[in-house]
Amino acid sequence: MAVGTTGSEPTELVRALLVGTGVVYALLRLREVRAPIRRGPRLYALDLVLALALVSASGPFGDLVTELARRSALIPLAAGLVAGLAGLATTGLATAAVFALGGGGTSVLAWFVSPLLVGAALRGIRPEPRTPASPDALWRSELRAVRWRIQTLPGGMHPTFPGPSDVFWGVTARLVCVVPLLLVLLIPASGDEDLKARIVCALIMGATLLAYDLARRPLLMPHRRLARMTDLGVLLALLVVAYGPLGESLARWWAAHPSVDEWRVALFAILATVIAPLVTPRFDGRRLAWLLNRSMRFFYGIPQIMLVAATFPYLVGGVFHPTPELTKASTLALVAGFAYGANSALYAAYSTRHVADVLILLDATPLHREGVLKAWVTDTFYRRRRWLIPRPWDYSLPRMAATLAELSAQSSVATAGVYVHLPWGGRVRLDHRAVAGLLSLAEEILDHVDAAFPPTRYGPGTGLHRAQQVARADVASHRSQVAQYLDDFEGTVAAANQAADHYAAIDAPSHAAVVRVFAADRLSSRGQHETAAALLADIPDDLPPVIRRLLLVIRASSAHHAHRTAAARALVTAARDIPERTTPDFRRALAAEKIAFPSFAEGARSAMVTAELRLDRELGGTRAST
């Protein structure tokens, strides 16, 4: 009989997994109770009492669970699941420690402790705060740890080491990446070829776990720590279930249906990712029936649903109960699912990873916001740059604040609500009243970076000065678009000129020109032709050919809108004499200024082509670019 079932004694690996998972969820439960907005403190007292009672009466309790499991395993299984959902994680840890370290208790570990840990995983499956409007529940519990790590000196912020909790969970998240390979090497397979396939899949799984952790790395420390704790608990719960009697039963059923089920598993892993965004509510969640709302919260509770959809079949059929048929089937699911999961973690999650951070910082008190931002500067601009391989300066947090400000301003003119998707799959409706606060937050974050370093560290010519100027230019560009949405045309011009000045400070005339061209094009489309013409007139002509062509085309469009047809025709003719017009041409011209983000190439090409097609259609006698 396979290891971990009720008919044989669990191995040391199973016992270690049970105890380790119990420790993780006991810590998460203690964190809930210690938070300012406490969750179930009275139930936690009951949890402690039950844990002590089970330790004192472990013998009778073991006999009771064994007898119930003999009659119907559903009874202790349901009891354990309900206990885990209720938050009795300390009881689960005490029970696992007594019966795993003390020996015996196979039925208790299989039919009570394992489902209890699964219930605890389902209870704490969302690492981020449940509502962006309750920041104190997150930040107050972190403020004590933040204060002693941050020291503000006259010459700037003194870099300090991370707290013990950050180091522990960071190291643990990286060590978890090698767990699949270790399990494959420890658990025998039927042949050499099967072992090779299992090792390859274990390496794929480890690489993807590392990709998920790297995607979490730029988050603020409280969010990152919670995400790592929760994901580790979910993974440990999956290991426990896959290695236990449920995993063996599933493996036996799976082996009895070998021919077509491998494709079903692969399709399940793929469809899980396709269905997830399709079932997102298209209207305010408060209008949903409570059952649908709760089911959506559960479905989106798993931050990376592919982590469960693709991993569990592999853990059952490729790691713990391996056979050639099951390994082949689970390999299909793992490769298909993790290809999507890695792409999602590295790219799709990049645009939303700081949304929750920004929304909570927006509602935090000034004291909490200052402490967390100082910790963010230390974490991002000191800790992450101490290695031999230099990393780029990460300004995604202030850029996300400016992006949310633009989206909030867009909601003032949109016919439907403007939503922003959160990292775990939910979404928040934006309101134009938050524009000023979001822009102020973006500037405050950049000011913290300035205050953290002595002037000699970010003077002209240094890498930090260049990165800081690019970030401020990006924020000013968003401010220009915000002003345009709010019909503040003077503010649009002022912010565009401010962005251009930041680019000019680092000798990036092409970027400065493109920012002004974009602002002028938007102003012209809103009927502000004279203002747009004045802004375009301030742009110098000594630019790369493709940028100059863009400038001439937008000047022609502005002249046409102002009913200066002859001037528009002359400008279009001059633009057509410049052969450079493709997206690679824009990329080469902008890349020469060594600014990786933001990238204006696609937007500049699109604006130029749109304007030329419109001029060709309305003026006639011209040849539009393709």
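**Entry 1**

I looked up Arg 224 and found it buried, with a relative accessible area of 3%, where buried means under 20% relative accessible area, exposed means over 50%, and partly exposed lies in between, for a 1.4 Å probe and protein chains only. Arg 224 sits in helix α11, residues 221-243; helices here are DSSP runs of H or I with at least four residues, strands are runs of E with at least two, and both are numbered from the N terminus. I then checked Arg 224 against Trp 169: they are 55 residues apart in sequence, and their C-alpha atoms are 9.1 Å apart in space.

I note here that this is a predicted model, in which local features need pLDDT of at least 70 and side-chain atom pairs count only at pLDDT 80 or more, while totals for chains, interfaces and linings use all residues. Residues are numbered from 1 along each chain as its sequence is written, and side-chain values use heavy atoms, with hydrogens and water left out.

Trp 169 came up again when I looked at Leu 27, which is in contact with Trp 169 and Met 229 once its neighbours within four places in sequence are left aside; contact means heavy atoms within 4.5 Å. Leu 27 belongs to helix α1, residues 12-34, and it counts as partly exposed at 40% relative accessibility. From C-alpha to C-alpha, Leu 27 and Met 229 are 9.0 Å apart, although 202 residues separate them in sequence.

**Entry 1: the whole chain**

I counted the elements next, and the chain has 28 helices and 4 strands. Of its 626 residues, 53% count as buried. I also looked at contacts between residues at least 6 apart in sequence, and 74% of these join residues at least 24 apart. The accessible surface of the chain comes to about 28100 Å², with 64% of it belonging to carbon and sulfur atoms; the areas come from the Shrake-Rupley method with a 1.4 Å probe, and for residues only the protein chains shown count as cover.

**Entry 2: α18 with α20**

How do helix α18 and helix α20 pack? Helix α18 (residues 366-381) and helix α20 (residues 435-452) have axes 10 Å apart at an angle of about 55 degrees, where axes are lines fitted to C-alpha atoms, for helices over the stretch in contact, and angles run from 0 to 180 degrees between N-to-C directions. The two helices are therefore oblique to each other: angles under 35 degrees count as roughly parallel, over 145 as roughly antiparallel, 65 to 115 as roughly perpendicular, and the rest as oblique.

The crossing of α18 with α20 is right-handed, a word used if the near helix is turned clockwise from the far one by less than a right angle, and left-handed if anticlockwise. Among the residues that make the contact are Trp 376 and Phe 381 of α18 and Ile 445 and His 448 of α20. By class I find 8 nonpolar, 1 polar and 4 charged residues, where Ala, Val, Leu, Ile, Met, Phe, Trp, Tyr, Cys and Pro count as nonpolar, Asp, Glu, Lys and Arg as charged, and the others, Gly among them, as polar.

**Entry 3: α25 with α28**

I turned to helix α25 (residues 545-561) and helix α28 (residues 601-619), whose axes come within 9 Å and cross at roughly 40 degrees. That angle makes α25 oblique to α28, and their crossing is left-handed. The residues that meet include Val 553 and His 560 in α25 and Met 608 and Leu 615 in α28, and the contact divides into 10 nonpolar, 3 polar and 4 charged residues.

Apart from neighbours within four places in sequence, Thr 583 is in contact with Ala 601, Glu 602 and Arg 605.

The loop between α27 and α28 holds Lys 594, which is exposed at 69% relative accessibility. Most residues other than glycine have a negative phi. I noted that Lys 594, which is not a glycine, has a positive phi of about 55 degrees. Asp 487, also not a glycine, has a positive phi of about 60 degrees; it lies in the loop between α21 (463-485) and α22 (489-504) and is partly exposed, with a relative accessible area of 46%.
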